[in-house]
Amino acid sequence: MSENKIKFILSLFQGKLEKYSNDDEYKAYLYEKINKAYKIELEKGIEEETFIEMIKKEIPHFIDEYDRLKENVSLISSEQNTMIGTSINFELIDLFKISKGCNNNEEFIMARDSYFKQLSLDPRFQPIEKFIFPGLSDITLYEIRNIEENLVKNVDCITPEWAGKMRACIDITKPLIVDGKINEEIFNFELLDKTANFARQNGMLMRVHNIIWHKDFRPIFENATNEEILMFLNVYTKKINERYGDIIYSVDVLNEIVSDNPDEILRESSWKDKLGDEYYIEVLRIAKKNFGNIPLFYNEYGEERELKRNHILKIINKIKKVEKQEGITLLDGIGIQSHYSNQTSDNDIKRAYMDYAKTGKKLQITEFDVSRPKNEVSDFDYQTNRVFRTVLDCATSCKIQLMNLWGISSKISWLNKEKSTGECLLDENGNITMYSNKLIEAYSNKKKCSKQLNEMIQNQENSDLNKGILK
């Protein structure tokens, strides 16, 4: 339907539309609703004039739904126990530090290239291309400073990407067992320390990601017994808690354990082969013993697909059954990764969140991003904005207190590929995107505290003025 026709339809409701007259998203929302309805009716052979008469009756419902969305999102903005987070890689943290010693972009580029050359000599990072996201190796001083400023000012918590995985913390060149005990020399937390120290220095918390992942069954476990592997997990989780317990806000104990194969529930993995079909129960027992009151999560993707979601829920229900039988809590919550595209439907997202909410477990959004084809990138993409809005609406309804995005910027993201890109917290230049800004406004505890502080200062100044102190 032409824009002029849509404008004509909307002009009939001018009084109601004035409420959000300066809200570009509101206009885009109504345009999309009318266009979508027209395309559906056009397939049935409807005449345009007949459609106009029909849609007049529906527009008030569209407006009411937008009002509900706005009101729902504003509810969470008044709470103080919410957080916004992002994933971060250790290379970026190193570049933050490097940038501090550079006076201009030329100096930074030389230092940056020298850093990556040195990194490429480390056998852990071979091939080096796997460890540098596209865009990171040619980042500028302006971009790096923008990223750090926006990160420190708005973000409450960070999640290590590669540095938090077991492969980054275990030296596989050394034996697992020495004198019947776990060899303490296999542990190397150098990279995870960088993330933790950055969090401490900037008033942030850290999510541990992750303990068990199908890709992280290390070669040194292959000839180990079940008992030795469980003994390792006990020592490993205990060390992580001792080292980072002061800043850990939650732990992804189980990560992506459900299969993408519709004919099986558990993913085939060496963990399962070694420890049995219910290995995840024993891993949770170990984690609960060593992490104490720190919330433990099962983190998974593909929740928008009904069949996979049902398999995930079967695992959750199995855990709940054991909890009920033994009178204990093994799993505190579910991490909803929320990797979507700008074509993911609202209904698929809503059903996933509603089904998870019914489990009674805490819910966190852990890896949110939205992919879209690069040829569609423009200043504003309605479909991308729609997904951000729907996720925020569902998060509010489900009382989710963490909104964690994956990939700190569109330039430094696993989604930044030849034909596609991903919308994250920041854009290509390290600035907050128009999509994520509403998430920051709703979830950032730093933002709320800063706003409260400014209001307190302003109120105090006004009070002082009234008393004549500053006259």
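This is a predicted model: local features need pLDDT of at least 70, side-chain atom pairs count only at pLDDT 80 or more; totals for chains, interfaces and linings use all residues.
Residues are numbered from 1 along each chain as its sequence is written. Local features need pLDDT of at least 70 and side-chain atom pairs count only at pLDDT 80 or more, while totals for chains, interfaces and linings use all residues; side-chain values use heavy atoms, with hydrogens and water left out.

Let's start with the helices, which are DSSP runs of H or I with at least four residues, just as strands are E runs of at least two, numbered from the N terminus. Helix H3 (residues 24–43) packs against helix H15 (residues 382–397) at about 105°, and their axes are 11 Å apart. Axes here are lines fitted to C-alpha atoms over the stretch in contact, with angles running from 0 to 180 degrees between N-to-C directions. H3 and H15 are therefore roughly perpendicular (65 to 115 degrees). On the H3 side, the contact (heavy atoms within 4.5 Å) includes Tyr 29 and Glu 32, and on the H15 side Arg 386 and Arg 389 are among the residues involved.

Now for the rings. Aromatic pairs are rings of Phe, Tyr and Trp (its six-membered ring) with centres within 6.5 Å, and the count comes to 20. One of them joins Phe 221 and Trp 271, with 5.6 Å between centres and 50° between planes; this pair is tilted (stacked is under 30 degrees, edge-to-face over 60, and tilted the rest). Phe 221 sits in the loop between strand E5 (205–213) and helix H10 (226–244), and Trp 271 in helix H11 (residues 270–275), 50 residues apart.

Terms used:
Angles under 35 degrees count as roughly parallel, over 145 as roughly antiparallel, 65 to 115 as roughly perpendicular and the rest as oblique.
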